[in-house]
Amino acid sequence: MATNVTLGGGGSLFVGEDKIIRLELLDTSALPVDMSGWTMLFEVRLKDATSGTALISVTPAITGSYNAARATNTQRATATLTDDHLNVLVAKGYRWSWKRIDANAETVLVWGDFLPQKATAV
């Protein structure tokens, strides 16, 4: 089941900065899910139904080691967003999603509002 999460707002995400978004994937019992070998996609679009090329499209990397015990699970998926990625945005609301895109396993894992803010220009 996909989780709805807001990224940004409250001074946590700005146009033109470098940002690493990390995902610890948990099942409905709050236990870690093994993402080893998965292919994933992190996307930002104007709206959920916007077709065509995404504003931001990044292939996340799987880092750390999986352990069924959450206290010792260090496995995360990481999407690295550069200033070049975030410079295409303005300070307004977008929609984002994190998907598993393996053949026969396409699944939305996390999605929601993507709210970059604007600070002083560089």
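A residue counts as buried when its relative accessible area is under 20%, as exposed when that area is over 50%, and as partly exposed in between (1.4 Å probe, protein chains only). This is a predicted model, where local features need pLDDT of at least 70 and side-chain atom pairs count only at pLDDT 80 or more, while totals for chains, interfaces and linings use all residues. Residues are numbered from 1 along each chain as its sequence is written, and side-chain values use heavy atoms, with hydrogens and water left out.

Arg-95 is buried, at 17% relative accessible area. Its side chain meets that of Asp-48 in a salt bridge (3.1 Å, N to O), a term for a side-chain nitrogen of Lys or Arg within 4 Å of a carboxyl oxygen of Asp or Glu. Asp-48, by contrast, is exposed at 57%.

In total, the structure has eight salt bridges. Another one of them pairs Arg-70 with Glu-24 (2.9 Å, N to O). Arg-70 comes out as partly exposed, with 42% relative accessibility. There is also a bridge between Arg-45 and Glu-43 (3.4 Å, N to O); here Arg-45 is buried at 18%, and Glu-43 is buried too, at 9%.

Then there's Asp-102, buried at 15% relative accessibility. Leaving aside residues up to four places away in sequence, Asp-102 touches Gly-37, Trp-38 and Thr-39, where contact means heavy atoms within 4.5 Å. With Thr-39, a polar atom of the Asp-102 side chain sits 3.1 Å from the backbone nitrogen.

Methods. A polar contact is a pair of N or O atoms within 3.5 Å; within protein, one must be able to donate a hydrogen and the other to accept it, and residues adjacent in sequence count only if both atoms are side-chain atoms.
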